Amino acid sequence: MKKKIVVILVLVVAFVTGVILFMPQRENELRIGGIYPLTGRAATFGVWAQNGVQLAVEEINSNGGVKGLPIRHVVIDTQSEVQMAVTAFQKVISVDKVHASIGFVSSGEAMACAPLAERYKSVMITPVAGAENLRSAGDFVFRTRENSGPQAVALAEYAQGTLGLQRVALFYENADNAIAYAEAFASSFKGQVVARLTYEQDTYDFKPMLLRLKNGPPFDAVYAPGISTQIGMILRQASEIGLNTRWLSSAGIEDPKLFELAGDRAEGVIYVASSFHVDSTHPRTRAFVDSYRKRFNDDPSVYAANAYDTVYILAEAWQAGALSGELLVKALYKIRDFDGASGRITFDQDGEVMKPSVVKMVAGRNFIPVEKP
């Protein structure tokens, strides 16, 4: 009899254990993977994105979370390296079991991680990367930053129509985002592109290529899309070799680090970027800027605003019961006119957003709107 009781108890324990192991586990939190370059060449943009996400997470959690569930922000530094971003994304998907991931700041990181998003049906959203090819990267790839292509087109039209430029040289990094900018600009510029020079990511001495530009065919301006750390060095070194010309660039220069590297040599650079501004009177933007300044003792960028909005968009989808995978994708595609700190957000059929951009100029070590493109 005792043996029978022991056997029965063992079977009951095994059955209960099996049920516990294989029954669906109730979520006790919602997890966001934060894949950011917090060190390295793109660290400024990564910190902005991380801060925007963190601020939104803290606000939502202080108000009871989403359906009573807190959000946990799982942060990994990519060190501005593509392979590190891939490894980090794999980790948050397989180990942390995140419901969605935000970051993928460079277009190279975003494009390298996109196949993983599709393979594992895990949503990734970038608030920073702008390359055109992200548009077709997959159903699980979204961004809350506008495509860089229209900005380059607007700049090309402004360069010729308003500035009267006829001959332009292109000088850009051999990387997804910079290539996308250059191609969009070149295809829209009705004048003559007299030269195309590219450099690799780890280039620090630009003078040999700048000398080739200086000694080559004449031009009215150089279009050099890129980020502040690159363009700052390029502007300084161009001045040192006596290459004095008009410079055109892209939204990535909108960063105080530009002046640390280029100083007054950055004066007069013209580019097209988001219309977001910290002095906006829009209630949603005003509240975000005030909260960001209080939390981080600094001004936010549009990329911080994009990241902040991304969390609130995810929270809206989660509130509707779409936690992850294909359900979350369908919920994101239904987002219409979300009133965000960065502007109104609606995802199109490719997971893209459209936001207004403006022509800007570097003047007095500030980034000043010139006119709408």
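**Close-up views of a predicted model**

Asn297 is exposed, with a relative accessible area of 72%, where exposed means over 50% relative accessible area, buried under 20% and partly exposed in between (1.4 Å probe, protein chains only). The model is predicted, so that local features need pLDDT of at least 70 and side-chain atom pairs count only at pLDDT 80 or more, while totals for chains, interfaces and linings use all residues. Residues are numbered from 1 along each chain as its sequence is written, and side-chain values use heavy atoms, with hydrogens and water left out.

View 1. Helices (H or I, at least four residues) and strands (E, at least two) are DSSP runs, numbered from the N terminus.

**View 2. The open sheet of five strands.** The strands follow the order β2-β1-β3-β4-β5 with parallel pairing, two strands being paired if DSSP finds at least two bridges between them. Because β2 and β5 (141-143) stand at the edges, each with a single partner strand, one side of each is left without a neighbour in the sheet. Within the sheet, strand β1 (residues 30-36) and strand β3 (residues 100-103) pair in the parallel sense over four bridges, and Ile35 stands opposite Gly103 in β3.

**View 3. The surroundings of His99.** His99, placed in the loop between α3 and β3, is buried, with a relative accessible area of 3%. Leaving aside neighbours within four places in sequence, His99 is in contact (heavy atoms within 4.5 Å) with residues including Glu27, Glu29, Arg31 and Trp318.

**View 4. The largest nonpolar core.** A nonpolar core is a set of buried Ala, Val, Leu, Ile, Met, Phe, Trp, Tyr and Cys residues joined through side-chain atoms within 4.5 Å. Of the 129 residues in this core, Phe171, Phe185, Leu210, Leu213, Trp247 and Phe288 touch the most other members, and α11 gives the most to the core, with 13 residues. Apart from neighbours within four places in sequence, Trp247 has contacts that include Leu210, Val222, Ile234 and Val269.
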